[in-house]
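Have a look at the structure first, then read on.

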Amino acid sequence: MSEKFDVIVIGSGPGGYVAAIRAAQLGLKTACVEKWVNKDGKTVNGGTCLNVGCIPSKALLDSSWKYHEAKDDFDIHGIEAKVKIDVKKMIGRKDDIVKKLTGGVAGLFMANKVTSIEGTGKLLAGKKVEVTDHNGKSTTYEAENIILASGSVPVNIPPAPVDNKIIVDSTGALEFTQVPKRLGVIGAGVIGLELGSVWNRLGSDVVVLEALDSFLAIMDQQIAKESQKIFKKQGLDIRLSCRVTGTEVKGKEVVVTYQDKDGKEHQETFDKLIVCVGRRPYTEGLLSEDAGVKLDERGFIYVNDLCMTSAPGVWAVGDVVRGPMLAHKASEEGVVVAERIAGQKPMMNYDVIPNVIYTHPEIAAVGRTEEQVKADGEPYNVGVFPFAASGRAMAANDTHGMVKIIAHAETDRVLGAHIVGPSAADLVQQVAIAMEFGSSAEDIGMTVFGHPTLSEAVKEAALAANGHAIHIANRKKRK
Ligand code: FAD
Ligand code: AMP
């Protein structure tokens with residue numbers, strides 16, 4: 001007889017491993033199946049986020065920023081430094097962090113008594129999971145509830161087939177052993193901008209080719225425009241309305257052909273090309289035909305608001321279902337599903353999910369953009385506070401960008417916050433907490449903030465929404 005669990009999770013990314021730990025905490029007999037095999041042949045937990053996503057990209061962003069600061073920004077502080085890069089060591093440090101964190105998940109599984117099952121899981125009819133291990137041996141398990149958390153993989157486009165030598169995806173771009181002289185990036189989305197920034201700081205001449213004619217089209221456009229100006233100053237050559245139509249690898253370089261908005265063809269030659277045109281849900285080999293789980297028209301597993309699939313007792317979370325492809329969204333869905341299985345009644349608030357681009361300065365958003373609020377026809381006030389007016393930003397010589405807060409004109413309820421500037425990721429979280437509590441801009445403005453902090457820019461933007469910021473001339477003056 002096959003072993004029976006209360007919960008089997010397929011996939012141990014931030015959606016799956018968090019769901020498994022929460023289910024085990026709630027007293028459910030839980031197993032988590034993972035197929036990811038490392039270069040050393042060992043199975044590792046953590047999924048995209050820990051192995052080739054959030055964590056390694058941030059490790060390289062932080063290292064490359066330190067190099068840039070030491071090389072170009074210390075001088076103004078009266079510090080002279082001679083700096084040199086050791087790319088292999090930088091990549092090695094990143095690999096060590098990944099190892100520690102993925103090992104940490106294994107430790108958490110043990111501490112919480114989650115059974116780790118190595119191999120590829122396939123959902124069968126009747127709440128059964130067949131796991132095929134790396135030697136091809138299959139075992140079938142049963143569970144009362146199954147959580148699918150198989151995540152996503154990079155999108156490939158025919159004009160730029162990844163060869164993992166010269167043309168790479170985001171995973172390959174975390175492994176370069178030397179700084180490419182000329183680096184092309186296809187796609188000015190989150191991942192393209194982050195990876196383009198890493199190698200730009202380390203000395204590559206970076207050209208980012210983006211098919212759309214507006215920059216960061218889904219972000220608040222005032223913040224997007226400000227960010228574009230900052231990136232230009234940093235030397236990132238971002239070309240909008242440029243659709244890549246072909247590539248030709250010639251020896252150690254690649255010739256990229258792209259069309260501008262008038263359909264005119266151009267060519268550019270690079271030493272490396274990173275393809276960052278988005279990610280797609282990953283369901284290959286996951287579902288038997290009679291499993292009863294439906295996909296939507298874009299290939300995501302179809303789920304309702306509670307992450308229930310079309311098969312009773314089968315749930316799905318994270319990148320493989322609708323919604324933003326973000327680690328924290330995946331984890332929160334994992335918690336909600338585990339608690340629902342245990343009989344609790346949590347709800348996920350999809351309206352307050354922070355979204356961050358970890359460039360420098362960071363770009364961060366929560367809630368609706370000004371364009372969305374306008375389109376919804378709601379009356380609103382906007383408060384903007386530039387970091388150029390922040391004492392703390394000045395002290396740190398980091399004054400680019402602004403905080404923008406949007407509040408309902410009648411109720412003053414905060415509808416959104418959009419920030420480009422130092423520590424934007426952490427600052428936007430303060431507004432996210434305020435929004436979770438249904439706060440008004442006045443509530444934020446009346447809160448006492450420590451001085452001098454970057455956070456004061458949040459308070460001042462909230463005050464500005466009602467026309468009484470202290471440290472700038474208000475656009476709208478009210479009592
Ligand atoms: P994944 O992390 O993709 O994990 C899915 C797991 O399931 C994998 O381990 C896979 O091997 C396993 N699996 C799949 N099928 C099976 C099967 N049949 N059997 C067994 N195992 C299976 N998000 C952020 O929020 N912040 C960031 O800063 C950020 N930076 C990123 C940077 C990069 C370069 C990339 C690529 C992504 C980044 N993301 C970031 C996105 C984030 O990584 C994903 O949103 C997140 O990992 C999704 O979690 P998940 O659990 O749904 O899936
Ligand atoms: P994201 O989905 O945020 O990772 O962003 C991916 C970006 O890649 C989007 O802005 C797309 O417009 C862009 N993109 C997709 N295909 C191409 C292409 N052939 N040439 C240039 N940009 C592209």
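The points below take the ligand shell and then the cavity.

1. This is a predicted model, where local features need pLDDT of at least 70, side-chain atom pairs count only at pLDDT 80 or more, and totals for chains, interfaces and linings use all residues. Residues are numbered from 1 along each chain as its sequence is written, chains are lettered from A and ligands numbered from 1 in the order written, and side-chain values use heavy atoms, leaving out hydrogens and water.

2. Around ligand 1 there are 39 residues, and Glu34, Thr48, Lys58, Gly121 and Asp319 come nearest (near: a heavy atom within 4 Å). By class, 16 are nonpolar, 18 polar and five charged, with Gly counted as polar and Cys as nonpolar.

3. Among the elements supplying at least two shell residues each are α1 (14-25), β2 (30-34) and β4 (120-124); α2 gives the most, with four. Helices are DSSP runs of H or I, at least four residues, and strands runs of E, at least two.

4. Backbone polar atoms also reach ligand 1: Gly15 sits 2.8 Å from one of its oxygen atoms, and Lys35 is 3.3 Å from a nitrogen atom (polar contact: N or O atoms within 3.5 Å). Taken alone the ligand exposes 1000 Å², and the protein buries 95% of that (Shrake-Rupley, 1.4 Å probe).

5. There is one cavity of 30 Å³ or more, on a 1 Å grid where a 1.4 Å probe fits but cannot get out. The largest cavity has a volume of about 50 Å³, and its lining (an atom within 4 Å of a point) includes Pro154, Ile191 and Arg279.

Note on methods: A polar contact is a pair of N or O atoms within 3.5 Å; within protein, one must be able to donate a hydrogen and the other to accept it, and residues adjacent in sequence count only if both atoms are side-chain atoms. On a 1 Å grid over the protein atoms alone, a cavity is a set of points where a 1.4 Å probe fits but cannot get out, and a pocket is an open set with protein on both sides within 12 Å along at least five of seven lines; lining residues have an atom within 4 Å of a point. Grid points are joined across faces, edges and corners, and a volume is the space filled by probe spheres set on the points.
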